[in-house]
Structures are given as C-alpha cells and as structure tokens.
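Here is a protein chain to explore together. Take a look at it first, and then we'll walk through it.

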Amino acid sequence: MEYIDYNYYIDDFRSNVIPNKAFKRIAKEASSKVKYYTLNRINRDNINDDIKDATCLIAELLYNQEILKTKVINADTSNKQIVSETLGPRSISYTNNTQYQNAQIKTEKEINSDIYRICKEHIDEKLLFRGV
C-alpha cells in the first residue's frame, strides 16, 4: 500500500518536484521506508495527513538524490566554473559541476538518517516505538 498518490502530492502537499512519470515508483519506495520505521503499523484506519506529508518529504529526498546521481554520471567534467578569484597577484580557483554535485550526494547512512528525522518530526511516536 502506498501512503500517497499524485493528487495528494500536488493538491494537498502542494509540491511539484517529482514529475508524474516518476511519482508512482518514488512513492512506493518512500512508503516502504515509512513502513520500515513504523514497523508496518500504518493501515487505512490510522493513516493521516502527517504520515502522508512525511511520505511526500521522503519521496522528494529520494527523488532529489536520484537526480543528483544521474547528473553526476552524465556530467561533462570539462565544464568548469570560477569559485574564487583574487585580483592582487592574480589567482583563480575553479570547480566543475561534478565536484559540486558529488558534494551534495548523500551516503545511504545519511539518507536513512534524514528519513528517520522526517519520520520523527511528522509521525506519532507511538507508531515509531520499537520497544515492548
């Protein structure tokens, strides 16, 4: 069960970062992450807008990371940009988009940490509780 659909994402969450053609796949992955952190305690009776919003945020996080990885793979490494310049004895520092984008790509551990943080901020802690 996916916790969000494209209509909720566009109309209620009011975002459009994820295109319609990629949404179903990303929503399924985000819902799976929420299921994991809530120990599959969410069902049709207790799903609410907070859970849906958390799922939307996680979906956007996953989508943005996917896009960054794709850009790095397809990047032109000769595309350099000036990042600092000094006029005195002339000094120019360059970077290329690949370096910048690599710096933005998160590790799996960082992504999971962000996902957990989103869940903690939006989902009732009773659903996240791992104790007895």
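This is a predicted model: local features need pLDDT of at least 70, side-chain atom pairs count only at pLDDT 80 or more; totals for chains, interfaces and linings use all residues.

Residues are numbered from 1 along each chain as its sequence is written, and side-chain values use heavy atoms, with hydrogens and water left out.

The chain has 6 helices and 2 strands, running in the order α-α-α-β-β-α-α-α. Helices (H or I, at least four residues) and strands (E, at least two) are DSSP runs, numbered from the N terminus. Of the 132 residues, 32% are buried, meaning under 20% relative accessible area with a 1.4 Å probe, protein chains only.

Now for the inside. The largest nonpolar core holds 29 residues, and Ile18, Val34, Ile58, Ile115, Cys119 and Ile123 touch the most other members. Such a core is a set of buried Ala, Val, Leu, Ile, Met, Phe, Trp, Tyr and Cys residues joined through side-chain atoms within 4.5 Å. Helix α3 gives the largest share, 8 residues.

Also in α3 (residues 49–73) sits Glu60. Glu60 is buried yet has no salt bridge, and Arg117, the nearest side chain of opposite charge, is 11 Å away. A salt bridge would need a side-chain nitrogen of Lys or Arg within 4 Å of a carboxyl oxygen of Asp or Glu; Lys and Arg count as positive and Asp and Glu as negative, while His and the chain ends are not counted.

Notes. Buried means under 20% relative accessible area, exposed over 50%, partly exposed in between (1.4 Å probe, protein chains only).
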